[in-house]
Amino acid sequence: MRPLVQRLFDLSAWVLGYFSMAWLQAVVGYSAYSQLGPALITGLACGIAFLALAAPLRLHEGRSPVGSFDDALLVSLLGGAISLVALAVSAYTTDIRISVAVTGAMCAFLGLLGGRAVYRLARDFALSREPHAAPADRTPVVVIGAGNAAAQLVGDMVRNPDSIWNPVALLDDDPYKRHRRLSGVPVVGDTAKLESAAERFDATIAVLAIPSASADVVRRFNARASAARLELKVLPSVNDLGNPEHVQIEDLRDIEVSDFLGRQPVETDVSEIADYLTGRKVLVTGAGGSIGSELCRQIARFSPAELIMLDRDESALHAVQLSIEGRALLDSDNLVLGDIRDERFVHELFERRRPDVVFHAAALKHLPLLEAAPGEAVKTNIWGTQTVLNAAAAVGVERFVNVSTDKAADPCSVLGYSKRVAEGLTAAAAQDSAGRFMSVRFGNVLGSRGSVLTAFTAQIARGGPVTVTDPRVTRYFMTIGEAVQLVIQAGAIGSDGKVMVLDMGEPVSIAAVAQQLIDLGGKPIEIVYTGLRPGEKMHEDLFSEGEVDERPHHPLISHVPVPPFASSDAARLSPYGPRQQVVDLLVEATERMTLDAPGDDDRQVASRRRD
């Protein structure tokens with residue numbers, strides 16, 4: 001609708017509203033015909049005032065689609081304010097009766113909102129009747145869910161002339177939605193009727209229109225869709241949707257294995273995060289890694305005064321700068337090429353840049369390699385962490401977040417031992433430093449370099465076989481974006497000296513993940529079981545024995561005390577010598593931490609000792 005036409009319509013609604021009510025009251029004898037003049041003037045004044053107030057708000061310049069909720073809300077607020085003023089004026093003058101002022105405003109409202117609703121319905125009907133949008137030329141779709149996302153998605157399918165989808169039925173388990181229609185598409189039953197609805201409407205596609213669906217819900221509907229011979233399409237999680245308030249056909253995609261594992265909703269308190277990141281100097285070690293690069297991308301959104309990205313891999317720094325700035329000339333002071341194992345370099349960097357907040361994500365993390373080279377774990381994960389901690393304390397860093405791993409809980413691998421000691425070093429720094437020092441512990445992240453999913457995908461691409469250690473083995477999974485959101489949130493609410501443990505949901509069978517990836521590929525591929533490797537657990541733990549799961553500030557973040565580990569003890573952990581000698585030193589180090597922890601006993605120590 002053109003702006004001039006909208007303005008004329010709204011002005012007419014006010015004038016006709018007041019005039020018609022005054023005329024009707026005069027006809028029935030409730031008031032005199034002398035009220036027609038004042039009513040006409042009042043309606044004209046209200047209409048002009050409405051147009052004057054609407055101009056700076058761009059009501060008639062396309063601020064919101066005509067007939068939309070936002071449009072109706074704005075019209076109601078403006079009209080209500082003007083009507084109250086007109087009513088107040090009528091109370092202090094004898095020119096117009098109060099009854100005319102009240103009923104005239106009501107009639108004007110009916111015209112303003114009713115006219116918009118009629119226009120919206122007529123436009124939608126016209127679009128649905130266009131020849132190139134005929135349902136017969138589209139693929140029948142059954143939509144699972146009848147909430148807000150489904151309403152927007154179905155509306156776009158119906159109105160979009162380029163849509164290839166024809167929504168024929170909606171399914172929802174909410175009994176209050178049983179008689180709902182979205183853009184003319186009816187809810188025909190609950191989700192248990194998926195197969196019968198597909199047969200009834202000859203549908204070949206099912207769409208899961210629930211962005212907040214958990215991984216368990218996705219797995220359940222994927223199984224149902226497969227049983228009904230339907231291809232399942234999904235909406236991304238709420239975190240991954242470009243605009244959660246406006247869901248479109250373009251948001252639909254094929255199901256991915258990450259949908260089975262990592263759709264855990266994350267509630268982030270943006271005000272807390274902005275308070276400690278906005279306008280501050282933030283340094284991220286390991287900035288080119290999977291976790292470090294995502295940390296940099298998310299931190300950049302909170303407008304830090306300076307984001308210092310440190311890594312020893314120049315190609316990784318190139319990639320992270322490109323992902324954040326859209327360019328990668330490698331000439332920015334934000335990029336720092338260096339190694340945390342270089343003590344002099346690290347101290348000079350901190351002294352020169354003086355960061356306020358540090359996220360320490362640099363680490364060696366590949367379990368089998370560290371089993372073969374435990375000395376490297378000592379140099380990077382322990383000595384490197386101690387170097388960064390010392391440099392941070394020396395310049396008075398306000399907040400230090402050490403990124404840890406679930407393998408530090410009741411460790412039985414070199415990776416776990418070294419990260420457990422790093423947690424203890426961070427706790428010790430909290431005792432000796434003015435700033436807040438904490439660790440964050442979580443499990444596997446989807447899409448990280450070296451992830452089991454990456455390995456499975458490569459094996460499937462080669463035609464198999466897919467190798468799994470044991471049919472019973474389970475792991476925790478979370479998407480990188482979700483994990484990093486919680487890491488940043490933990491930095492806001494974390495307790496000094498403690499480990500923040502992220503809720504990873506339920507552990508997932510690795511064999512089941514492999515089978516789901518194979519099924520998505522559509523080709524029969526063999527799964528070969530190779531047996532657990534040295535240092536691997538059948539089932540990972542998020543908490544060590546004796547650690548209590550307490551969540552005082554956030555439902556997905558636990559606060560766990562960790563025994564401090566003295567830097568002098570870390571210095572005595574020699575990375576040199578025979579492999580078993582280095583491993584024994586790491587085991588003894590974590591045993592000392594356990595012995596120092598309240599409530600521990602010798603049985604815990606025995607359970608951790610390796611052959």
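This is a predicted model: local features need pLDDT of at least 70, side-chain atom pairs count only at pLDDT 80 or more; totals for chains, interfaces and linings use all residues.

Me: Is C296 buried or exposed?

Reply: Buried means under 20% relative accessible area, exposed over 50%, and partly exposed in between, using a 1.4 Å probe and protein chains only. C296 has a relative accessible area of 0%, so the residue is buried.

Me: Which residues is C296 in contact with, leaving aside its neighbours within four places in sequence?

Reply: Contact here means heavy atoms within 4.5 Å. With those neighbours set aside, the partners of C296 are V284, A287, L307, M309, V320 and I324.

Me: How are helix 10 and helix 11 oriented to each other?

Reply: Axes are lines fitted to C-alpha atoms over the stretch in contact, with angles from 0 to 180 degrees between N-to-C directions. Helix 11 covers residues 314-325, and its axis is 10 Å from that of helix 10, at an angle of about 25 degrees. Angles under 35 degrees count as roughly parallel, over 145 as roughly antiparallel, 65 to 115 as roughly perpendicular and the rest as oblique. Helix 10 is therefore roughly parallel to helix 11.

Me: Which residues of helix 10 and helix 11 make the contact?

Reply: C296 turns up again on the helix 10 side, along with S293, R297 and A300. Across from them, helix 11 supplies V320, S323 and I324.

Me: How is helix 2 placed relative to helix 3?

Reply: Helix 2 (residues 36-54) and helix 3 (residues 69-91) have axes that come within 10 Å and cross at roughly 140 degrees. That angle makes helix 2 oblique to helix 3.

Me: How many aromatic pairs are there?

Reply: Rings of Phe, Tyr and Trp (its six-membered ring) pair if their centres lie within 6.5 Å; planes under 30 degrees apart count as stacked, over 60 as edge-to-face and the rest as tilted. By this rule, the count of aromatic pairs is 3.

Me: Why do W14 and Y18 count as stacked?

Reply: W14 and Y18 are both in helix 1 (residues 3-27), 4 residues apart, about one turn of the helix. Their ring centres are 6.4 Å apart, and the pair is stacked because the planes are at 20 degrees.

Me: Which parts does the pair of F400 and F437 tie together?

Reply: The rings of F400 and F437 have centres 5.3 Å apart and planes at 15 degrees, so this pair is stacked. F400 and F437 are both buried. The pair ties together parts that are 37 residues apart in sequence, as F400 lies in strand 12 (residues 399-403) and F437 in strand 13 (residues 436-441).

Me: Is S439 buried or exposed?

Reply: S439 is found in strand 13. Its relative accessibility is 1%, so S439 counts as buried.

Technical notes: Residues are numbered from 1 along each chain as its sequence is written. Side-chain values use heavy atoms; hydrogens and water are left out. Helices (H or I, at least four residues) and strands (E, at least two) are DSSP runs, numbered from the N terminus.
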